[in-house]
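Here is a short report on one protein model. Take a look at the sequence and the structure before reading on.

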Amino acid sequence: MKNLVIRNLCKTYFDPYAGTHVTAVSDVSLTVEQGEFVAIVGPSGCGKTTILNMVAGFLPPTSGEIILNDRPVKGPGPERGVVFQSFALFPWKTVLENVAFGPRMRGLPQAECEKTAREYLALAGLADAAERYPNELSGGMQQRVGVVRALANNPEVLLMDEPFASVDAQTRMTLQEELTRIWQERRPTIIFITHDVGEAVFLANRVVVLSKGAVLKELAVPLPRPRVWDVLIEDAAFKALSAQVLQLVRSA
Amino acid sequence: MKSLLLKSWSFYVRWTARYPAVRSIVPFIPLVVLWAAIAEAGVFPRAFLPGPVEVAESFAMLVYKGILPEYLEDSVVRLVVGAAAGVALGIPLGVLVGLNARAREMLWPVLLFFQAIGDIAWLPILLIWFGFSLTTMTFVLVYTVLFPVVLNTALGVRSVPEDLRRAARTLGASPARVVWEVILPGSLPNIITGLRNGLGFGWRALIATEIIVGTSGIGFLMFDARRAGSVVEILLGMIVLGLLWYIVDGWILAPIERATGQRWGLVTRE
């Protein structure tokens with residue numbers, strides 16, 4: 001079942017200083033199935049974040065279309081949840097209030113918002129942090145909140161923009177394993193932007209390599225689940241796939 | 001000698017930890033002692049520089065007569081009404097200027113222009129328009145409080161990270177809800193800074209206005225005392241001004257800051 005269809009997406013900016021148009025995304029078409037986990041990798045400046053910002057509705061495309069479950073995307077909306085690299089938690093709200101924010105904006109009764117929020121916090125092992133403020137948590141904990149806050153709104157697609165790029169290496173591995181576990185349990189559709197090849201291969205069912213604003217290659221990742229680093233780090237298939245993707249990214 | 005100093009320092013630290021009020025009183029002790037010493041030394045005639053005791057007596061006397069409480073109430077009510085009006089106008093205007101580029105382009109130069117015409121520079125024309133009245137005083141106060149609040153609110157609005165607004169939108173908040181849920185709390189530390197500046201300027205402007213408009217209030221008390229040649233009451237007025245600001249800052253503004261910006265990690269703790 002098709003979930004998200006991106007057709008001939010293009011984004012150009014006008015650079016007033018240079019007096020020229022700069023192409024960030026030249027021509028990208030991509031189809032994401034319901035419940036799929038797609039990672040988009042590419043070197044910096046390849047347009048991956050621009051694509052995500054257009055799908056999220058933060059930026060209007062110059063041309064092309066983005067269709068989510070037969071509805072064209074116009075502006076930001078709750079059916080497309082976003083997890084930010086900067087976490088983007090509301091500092092003046094407790095962890096619980098942050099996670100309950102989406103349900104509350106949808107107009108659900110207070111008790112139900114809180115129940116949903118607590119359920120999702122438990123999913124990420126954050127039950128004890130519910131009453132704390134984001135600045136009292138470590139970076140890894142904050143991003144766990146960021147992920148479940150987006151999930152608690154039950155989006156049709158979850159967009160993740162280099163979400164683990166600003167946490168330390170060990171925490172990042174834990175977060176990646178937790179994300180694959182949550183994905184297996186709940187099967188949300190995920191589009192995951194990263195520049196980290198290992199991360200892309202570890203997480204996704206499909207890796208899309210981007211180069212200069214266009215799709216260079218798509219690769220399926222047939223590795224079995226559940227995926228854990230202790231196993232995969234020695235796994236020949238994982239190593240071969242990572243090497244292949246890395247080569248593509250470096251040639252990009 | 002050194003160990004004695006260290007011992008008394010540790011004693012002071014422990015005491016202030018147990019009774020935080022001590023910390024706000026102790027720094028004034030040397031000041032008062034110095035003042036008393038100079039007054040007692042007789043360098044200046046007593047009528048020129050009375051000592052702390054005379055001022056304290058004058059305080060007791062004016063409180064007893066009911067003049068000081070009445071004037072103080074007048075000044076404080078004016079400040080509160082003026083500040084409330086200034087904030088009520090200033091925050092929405094600041095949000096508008098901060099959020100809307102077109103409004104900013106139109107209003108910013110005008111704001112800077114009028115900010116430069118300092119509060120009491122308005123007095124000559126206000127006295128012609130409204131006479132020696134409450135309207136004149138309120139106008140000056142609202143005017144003085146308004147600008148720091150508008151400019152700081154606008155700054156605060158613009159300093160709210162874009163990702164926070166985007167996050168709220170993707171979680172289903174309407175643009176109006178984003179203002180309420182994200183923009184306002186995010187700019188609260190700046191709004192409080194604006195309020196603090198505004199109240200500080202406003203308090204000064206109020207005293208200046210009371211001196212000129214002169215019907216009641218602490219400023220009037222001081223200027224009236226000058227006419228009677230009573231340095232004691234002038235000094236008393238000055239001390240009341242300082243104390244009152246100390247109370248406003250310590251009992252109202254600082255606790256708000258601790259409960260909001262500092263708690264949320266938007267402002268570094270002391």
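B:S75 touches B:W203, B:L206, B:E210, B:G217 and B:I218, leaving aside residues up to four places away in sequence. Contact here means heavy atoms within 4.5 Å. B:S75 sits in helix α5 of chain B, residues 67–99. Helices (H or I, at least four residues) and strands (E, at least two) are DSSP runs, numbered from the N terminus. B:S75 counts as buried because its relative accessibility is 0%. The classes are buried (under 20% relative accessible area), exposed (over 50%) and partly exposed (in between), with a 1.4 Å probe and protein chains only.

## Basis of the model

This is a predicted model: local features need pLDDT of at least 70, side-chain atom pairs count only at pLDDT 80 or more, and totals for chains, interfaces and linings use all residues. Residues are numbered from 1 along each chain as its sequence is written, chains are lettered from A and ligands numbered from 1 in the order in which they are written, and side-chain values use heavy atoms, with hydrogens and water left out.

## Two domains in chain A

Chain A is assigned domain 1 (3–79 + 155–251) and domain 2 (89–154). Such bounds come from an automatic or database domain assignment. The C-alpha centres of the two domains of chain A are 24 Å apart. Their contact takes 18 residues from domain 1 and 13 residues from domain 2. About 1200 Å² is buried between them, 65% of it from carbon and sulfur atoms. Buried area is the accessible area (1.4 Å probe) that two parts lose on being put together, summed over both. A:P155, A:I182 and A:R186 supply 39% of the area that domain 1 buries against domain 2, more than any other three residues.

The domain interface holds 2 salt bridges. A salt bridge needs a side-chain nitrogen of Lys or Arg within 4 Å of a carboxyl oxygen of Asp or Glu. A:E119 and A:R186 form a salt bridge, at 3.5 Å from N to O. On the domain 1 side, β7 (157–161) and α5 (169–186) of chain A are the elements that give two or more residues. The largest share, 9 residues, comes from α5(A).

## Where chain A meets chain B

Which element gives the largest share of the side of chain A that touches chain B? First, the totals. The contact takes 25 residues from chain A and 20 residues from chain B. The buried area is about 2100 Å², with 64% from carbon and sulfur atoms.

There are 2 salt bridges between the chains. A:R104 pairs with B:E181 in a salt bridge, the closest N and O atoms being 3.0 Å apart. On the chain A side, β6 (80–83), α2 (95–105) and α4 (139–151) each give two or more residues. The largest share, 4 residues, comes from α2(A).

## Backbone exceptions in chain A

Most residues other than glycine have a negative phi, and most peptide bonds are trans. A:N69 has a positive phi of about 45° and is not a glycine. A:D70 also is not a glycine, and has a positive phi of about 70°. A:N69 lies in the loop between β4 (63–68) and β5 (71–72) of chain A, and A:D70 lies in the loop between β4 and β5. A:N69 is partly exposed at 24% relative accessibility, whereas A:D70 is exposed at 73%.

A cis peptide bond joins A:R225 and A:P226, with omega about -5°. A:P226 is in the loop between β10 (214–220) and α7 (229–232) of chain A.
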